[in-house]
Structure formats: C-alpha cells, structure tokens
Amino acid sequence: MAPSRPRWFVAGDLNGFFGLVLDNLSILGFIALALVGIFGFPAEVVYTKMFPGTALGVLAGNLAYTAMARRLAMRTGRDDVTAMPLGLDAPTSIGMALLVLGPGFLAFRQQGMDEQAAAIATWQLGMASLVVMGTLKLVLSFCGDAITRAVPRAALLGSIGGAALALLGFLPLIETLRSPVAGLVTLGLLLYVLVARGRLPVRLPGVLVALLVGTTLYYGLGLAGLGMPGFGLPQGVTLAFALPLPNAGFIAGLPATVPFLPLLLPFGLLMVVGGINVAESARAAGDDYRTRDVLLVEALATLLAGACGGVAQTTPYIGQPAYKHMGARHGYTLLAGLFIGLGGVFGYLAGLVQWLPVAVLAPIIVYVGLDITVQAFHATERRHAPAVALAFLPSVAYLLAIKLGNPAWIAPAQHAVLYAAGDGHGLSELAAIVTLGNGFIITAMLWGTALVALVDGHVRRAAGVLLLAAALTLFGFVHSVDPRGGIYLPWTLEGLPKLIAWQFAAAYAALAVLLALLSLQKPRASG
C-alpha cells in the first residue's frame with residue numbers, strides 16, 4: 001500500500017508562519033537600523049541590494065526543509081512531521097552588521113571613498129563574507145561531529161554566549177531605552193510571554209502582540225507630541241522590484257574579508273555546531289532528519305545568498321520542537337519562505353522594516369541574547385560552568401572597544417595617545433582592552449577549551465591549547481594589534497604593536513610550559 005500523501009497545510013501552520021516570519025523580520029530590521037542609524041549607511045543599498053539576496057537564502061533553505069519534511073512524512077506514513085525552521089541567525093547576523101559591515105563601511109569612507117562607493121564596497125564585503133562562511137560550513141558539514149568532539153560545548157557555547165550577552169543583550173538594550181515607554185513595555189511583554197509563559201487574552205502569537213503594542217505606543221505617543229525628541233513618521237516606501245541574481249561582486253569583496261577572518265571563521269563554525277544540535281533536538285522530538293542533510297542545506301543556502309547579494313547567513317532554528325507543539329507541520333516553512341523571499345524581490349520587506357521602530361525591534365534581540373546566554377550554562381555540565389563564564393570576558397572587552405573606538409566619543413588622535421600611554425604598570429588600559437577584544441570569539445573558545453581540559457584533568461591538552469593560542473596571537477587571529485583586528489605576519493610589526501604581540505604570545509607559551517611541567521607530577525595516592 002502506497003504511503004498516504006500528507007496535507008500541505010494544517011491550522012497550526014499559521015502560528016508557525018507568524019513566528020518564523022517575525023523572527024526573520026526582526027533580524028532584518030535590526031540589520032537595517034544598525035547600518036542606517038548607527039553607521040549612516042545609505043538605506044537604498046540596504047533595501048534594494050542587501051535584502052533581496054539575504055531573503056533568497058531564507059526562501060531556498062525553507063523550500064529545501066519543506067521538501068525534506070514532506071519526504072519524511074511520506075516515508076514514515078506519519079502526519080505529525082514538522083519541518084525544520086530556517087532563518088537568519090540572530091547572533092552572527094547582528095554581528096555582521098555591528099562588527100563587519102558597519103566598521104567596513106567606515107573604513108572605506110576613511111580611505112576617501114564617497115558614500116555610495118563605500119556602500120557598494122561594503123555590500124561586496126558582505127557578499128564575500130557569506131561565501132567564506134558558506135564554504136567553511138559546506139566543508140565542515142562532512143566533519144561536524146569531529147569538530148564538536150575537539151571543542152568542548154562549554155567553549156563553543158561560552159564564546160557565543162558572551163557575544164550574546166554583551167552585543168545582543170547590552171547594545172540593543174540601550175536602543176530599547178532610547179524610547180523608554182514603547183521600548184520597556186515591549187521588552188516587559190516579551191519577557192512575560194516568552195520567559196514567564198504568561199497568558200494573553202487574545203489567541204495571537206505573543207511576539208506579534210508585543211510588536212503591535214510597542215508600535216502603537218511609539219507612534220501614538222509621537223503623534224500626540226509625547227514621544228521622544230526627533231520623532232517622525234518614516235518616509236513613504238516605493239516598492240522596487242529587485243531580482244537577486246548571481247553576480248561577481250563577492251569576488252571583488254574577497255580581499256576585504258581578510259581582516260575579518262577572526263570573526264567570520266568562528267561564525268561559520270558555530271553554525272555547524274548549532275546545526276548538529278538542532279538536528280539532535282528535532283530527533284528527540286520524533287523527527288529523524290539526517291544531520292548531514294540539515295547542514296548541507298544550511299551551507300548551500302548561505303552560499304546562494306552570498307553569490308546573489310546577501311549579507312547575513314541562514315541557519316536552522318533550535319525551536320523545531322516548539323513549532324511542533326504549536327501544531328505546525330511543513331506548510332509554515334513553505335509560507336514563511338515564500339513571504340520573505342518574495343518580500344525581498346518586490347520590496348515590501350523594506351516597507352515593513354521601516355515602519356517598525358528600533359525601540360520595538362531591539363527588545364526581541366535582547367530576549368534572543370538572554371536566551372542564548374542561559375542556554376550556554378544549561379547545556380553544559382555544571383563543573384564546566386567556570387569555563388563558560390571565563391569565555392564571556394573577551395566579549396566584554398570587545399564591547400568596550402566598540403564604544404571607546406567611536407570617533408564621536410573619542411577623537412582618533414586622542415584614542416591613539418591613550419592607547420600608547422602606559423602608566424608605569426605596563427600597557428595602558430585602553431591597549432589591554434583593545435588587544436583582548438580583537439579576535440574575541442576565538443579567544444573565548446581557546447580559553448574555554450583550556451579550562452575545560454584543566455577541570456577534566458587533561459593538563460597536557462590544556463598546555464597544547466595554550467601553545468596554539470600563542471601561535472594564533474603572533475599572526476593576529478587573536479589579540480590582533482591591527483586597529484581593525486586584522487591578521488598579519490609577525491615579523492612585519494614594529495614598535496609598540498610588535499611588543500604587545502610578542503608579550504601576549506610569550507605569556508601563553510610560558511603558561512603552557514608551566515602546565516606541561518605540572519603534568520609531570522606523579523598522581524596523588526588515593527585514600
């Protein structure tokens with residue numbers, strides 16, 4: 001008897017559709033608002049060049065996951081198979097905006113490019129970054145399990161948890177409080193429905209309700225003259241057709257990715273590990289997807305987006321069991337993929353994003369940051385918790401480096417003076433902060449891995465990790481002395497940068513030697 005053909009849509013797919021669309025819309029909104037509002041990026045380039053290709057990756061990935069779910073349902077004869085949800089990854093997408101695209105745009109402007117030329121060069125940098133991360137994910141999809149065995153969960157989750165707390169938690173929280181009434185009410189309502197699992201008097205997704213309440217407050221207060229200074233209605237959006245086709249822009253942007261490799265490579269690695277965890281989560285919920293297929297779809301969707309103008313990588317979402325509990329099957333991924341993909345082509349995503357205030361979007365990112373931070377502790381063994389906490393610290397340094405490096409706060413000339421000015425007790429505090437912050441994700445992974453090894457009694461393994469850290473320090477993958485955090489050849493350094501690089505490398509090497517000597521001790525007699 002041939003297996004029955006599952007229905008394309010069920011009632012629960014509507015809830016899943018709203019949830020998946022709002023997740024992606026909030027991330028797109030924050031990317032746009034960060035680039036346009038914080039870095040002064042031309043909005044036209046964001047909406048007509050970056051958005052279509054980015055949305056195409058979401059469309060392609062969701063279509064593939066829909067097909068996988070339908071095939072699984074037909075093969076097993078089950079009618080409760082839920083598709084893997086795919087969308088833009090919040091930590092790395094926002095990291096791309098704040099740590100790669102924004103700084104890249106400012107760097108191109110400092111090189112003398114006009115605003116439009118710098119924006120196009122930044123777009124090409126974003127495309128190339130996606131191709132780099134997609135290629136890494138494609139390669140690692142065949143050896144992801146080996147990667148997770150080599151790098152402890154505490155180091156992986158601690159590194160992204162620190163970035164989540166400092167960058168996804170703190171920075172969007174400041175944006176939330178710039179319009180306190182709308183922002184704080186939205187944040188509180190999100191915490192009520194998502195963290196406290198509170199009930200609402202209406203049968204609508206909690207995130208949607210929070211957005212509607214916050215947006216109503218923002219525009220209601222603003223139009224009544226009770227809003228914050230600078231309130232104004234968005235300019236009318238003209239729907240523009242922009243078909244994302246493959247172009248060679250990513251090739252032109254490849255050289256500009258080199259200084260950002262210490263960020264891009266960990267971003268790609270984390271998505272592979274996340275994809276493995278998501279596949280395990282779905283398997284525990286009853287849907288046995290092949291891990292390699294999940295990872296390959298993720299990698300190919302990212303590559304397609306990068307080749308067609310996208311700037312944010314896709315990932316399967318950890319919430320597949322939550323979508324199953326909503327009653328969603330596989331129609332929701334089909335609907336959400338089409339809505340987002342076509343929205344990038346026809347321009348209505350830009351219209352939605354422009355009308356959503358940053359103070360209302362930012363609380364969603366704050367919640368995501370909190371959720372990732374909590375997961376970093378819950379998903380690791382209790383005895384490894386100190387390694388998770390230690391891995392948070394380099395992210396704090398990078399947060400300070402971002403703020404202290406803002407030329408609107410500290411003039412570049414004064415920043416250089418403060419960087420070089422020691423006080424008789426070693427490096428200046430600014431130099432120590434910047435050096436610790438550069439390459440913070442890899443630093444966090446190395447620190448977490450070394451401490452987990454020590455906790456587990458593998459002292460020689462910890463020493464080996466520290467020697468690796470010393471080598472990476474010399475080339476700028478961690479603790480880069482380049483102002484942009486780029487990599488370099490150590491023998492090309494001179495003056496204070498040379499001193500800092502060799503001192504940090506020597507510090508790791510000295511600690512590695514000490515631990516290696518300690519490992520030679522005879523084990524204590526039991527009893």
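This is a predicted model: local features need pLDDT of at least 70, side-chain atom pairs count only at pLDDT 80 or more; totals for chains, interfaces and linings use all residues.
Tyr-218, Tyr-219, Phe-231 and Trp-355 form one aromatic cluster.

**Aromatic contacts**

The count of aromatic pairs comes to eleven. One of them joins Phe-339 and Tyr-348, a tilted pair with 5.3 Å centre to centre and 55° between the planes. Phe-339 is partly exposed, at a relative accessible area of 26%. Tyr-348 is also partly exposed, with a value of 25%.

Another pair is made by Phe-377 and Phe-392. Its geometry is edge-to-face, with 5.6 Å centre to centre and 70° between the planes. This pair links distant parts of the chain. Phe-377 belongs to helix 15 (residues 358–378), Phe-392 belongs to helix 16 (residues 385–404), and 15 residues set them apart. Is Phe-392 buried or exposed? Phe-392 is buried, because its relative accessible area is 10%, under the 20% limit. Phe-377, at 33%, is partly exposed.

| Residue | Relative accessible area | State |
|---|---|---|
| Phe-339 | 26% | partly exposed |
| Tyr-348 | 25% | partly exposed |
| Phe-377 | 33% | partly exposed |
| Phe-392 | 10% | buried |

**Helix 7**

Helix 7 covers residues 180–195, 16 residues in total. From first C-alpha to last, helix 7 reaches 21 Å, close to the 22 Å expected at 1.5 Å a residue. Which residues of helix 7 are buried? They are Ala-182, Gly-183, Thr-186, Leu-187, Leu-189, Leu-190 and Val-193. These residues cover an arc of only 165° around the axis, so they lie on the same side of helix 7. The general rule is that an α-helix has 3.6 residues a turn, so residues three or four places apart point the same way.

What do the buried residues of helix 7 pack against? Their partners are helix 6 (153–177), helix 8 (206–223) and helix 15. Just after helix 7, Arg-197 takes a positive phi of about 55°.

**The whole chain**

The secondary structure comes to 21 helices and two strands. The radius of gyration of the chain is 24 Å, close to the 24 Å that the globule rule gives for 527 residues, so the chain is as compact as a globular protein of that length. Along its principal axes, the C-alpha trace spans about 65 × 60 × 45 Å. Of the 527 residues, 53% count as buried. Among contacts with a separation of 6 or more, 80% come from residues 24 or more positions apart.

Notes:
Residues are numbered from 1 along each chain as its sequence is written. Side-chain values use heavy atoms; hydrogens and water are left out. Rings of Phe, Tyr and Trp (its six-membered ring) pair if their centres lie within 6.5 Å; planes under 30 degrees apart count as stacked, over 60 as edge-to-face and the rest as tilted. Buried means under 20% relative accessible area, exposed over 50%, partly exposed in between (1.4 Å probe, protein chains only). Helices (H or I, at least four residues) and strands (E, at least two) are DSSP runs, numbered from the N terminus. The expected span of a helix is 1.5 Å times one less than its number of residues. The arc is that of the directions from the helix axis to the C-beta atoms. Contact means heavy atoms within 4.5 Å. The radius of gyration is taken over C-alpha atoms; the globule rule is 2.2 Å times the number of residues to the power 0.38.
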